[in-house]
Amino acid sequence: MLCLDDCTRWNSTYLMLDTAQNFERAFERFKEQDTNFRAELERGEGWPSVDDWDNVRNLRNFLEHFYEVTLRISDTSYVTSNSFFYELSEIDILLRDAQLNSNINFNVMAIKMKEKYDKYWVDIDKMNLLMFVACVLDPRQKLKYLEFALSEMSSSEKACEMMQKLKESLYELFDEYKPPLHSTCSQSSVPTHVSFGEPQQKMKGRMQALYKKRELEICGEDKTSELDKYLAEANEEFVEDFDILLWWKVNSPRFPTLSKIARDVLAIPISTVASEFAFSTGGRVLDQYKSSLTPKIIQVLVCTQDWIRKSSSQEDIKKIEEQIQELDKIENGLMQMGIFWRDEMDINEEY
C-alpha cells in the first residue's frame, strides 16, 4: 500500500520510496487514463519522469542501508553490543562514498548527513569505552580489526591513544574478574607424597604430579595470561550467521574468566528503542493500513484517543473500540477489493 513521508516516523521516507517504486506502471497508467490525476500533478511538480524513477530507486537503495542497520542494532532477540561499532564503521564508509557521488542532490544530502554523523561520532575519545570492549570480545574482530577501523575513521595518533587506553582497561577488567590466586592453587593442588604400601594406580604419574605442583607454585609468574592467549589467536571469519553466544559457550573451558566478562558485557543492549517503543502509541495509530495519514491527523488521533479514555467509562470505551474494529474490517475489505480489481485490470490489459 502506498504511504506518505511523515516527519514523525524515522523510517517513513524509505518505506514510501520502497513501496512507490513497485507502482511505477500504475503511475503511468493513471497519467494516461485519469485526467484528474494528471491535472492534480500538473499543479505541482508534474508526474514522475524516467529520471525521477531512477532517483527514487537510487535514494531507496541508499536509505536501505540505514533502515537495515537501525533494525539490526535495535533488535532484542540477539546480542547487539558487539556489532554496534562494526555497523558504525560501515555507515562512516557509506557516507564518505556518498559524498563523492556525481549526483549533486545525493552529494549535498550526504554532506549534511556526514555533518550530523560527525557531531556524535567523529571524536572517538567521547565514545563509550564499553562499546570497544564488546568489540574485542567478538572473536571475529578483537584488537586487530578495531585498531584498523579506528585508524580509518580518525587520525592514527588518536587511534593509537585509544588502543592504549583500551588495552589498559581490558587488563583492569580482566583482573577484576580473575579469581584470587590462592583459591586457584588450593583447588588444583595434587598430593605428591605416596607411601610404598599404596596400590600401583596411586603410584603412577609421580613426576607429572611434581611438575604440576611446581607450576602451581609459580602460576603467578606466568606472563601469558588468558587474555593474551585469546588476543593472540587468529580472528574468526566474518559470517552472517555467526553465533557469538554459542562460541563463548563452547570456548568457556579455554577462557573461563573471559567468558564471564563476555556474559556480562554482551548482555548490555546497545539501543533503547525497544524499551521506548513499549510506551509509544504512534505505532498503534500509524500502521500499514493507515500509512498515508499526515502528521497533523496523527496528532489529532492520539489526542482524541487520550481524551476518550479519560472522559469515558469503561463500557463506553469498549463500545468505541468495537466500532473502530468494525470500521477497520470494512476498510480492509475495501482495500482487498481494490487490489483484486487492480489485478484484474492488469490481466485484462495483458490479454
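Me: With which residues is Leu-258 in contact, leaving aside its neighbours within four places in sequence?
Reply: Contact means heavy atoms within 4.5 Å. The model is predicted, so local features need pLDDT of at least 70 and side-chain atom pairs pLDDT 80 or more, whereas totals for chains, interfaces and linings use all residues. Residues are numbered from 1 along each chain as its sequence is written, and side-chain values use heavy atoms, without hydrogens or water. With neighbours within four places in sequence set aside, the partners of Leu-258 are Leu-137, Phe-174, Glu-226, Leu-227, Tyr-230 and Trp-248.

Me: Is Ser-89 buried or exposed?
Reply: Ser-89 belongs to helix α5 (residues 84-98), helices being DSSP runs of H or I with at least four residues. The relative accessible area of Ser-89 is 6%. Buried means under 20% (1.4 Å probe, protein chains only), so Ser-89 is buried.

Me: How are α1 and α4 oriented to each other?
Reply: The axes of α1 (residues 12-20) and α4 (residues 50-73) come within 9 Å and cross at roughly 135°. Angles under 35 degrees count as roughly parallel, over 145 as roughly antiparallel, 65 to 115 as roughly perpendicular and the rest as oblique. The orientation of α1 and α4 is therefore oblique.

Methods
Axes fitted to C-alpha atoms, helices over the stretch in contact; angles between N-to-C directions. Helix = DSSP H or I, 4+ residues; strand = E, 2+ residues; numbered from the N terminus. Buried < 20%, exposed > 50% of the residue type's maximum accessible area, 1.4 Å probe, protein only.
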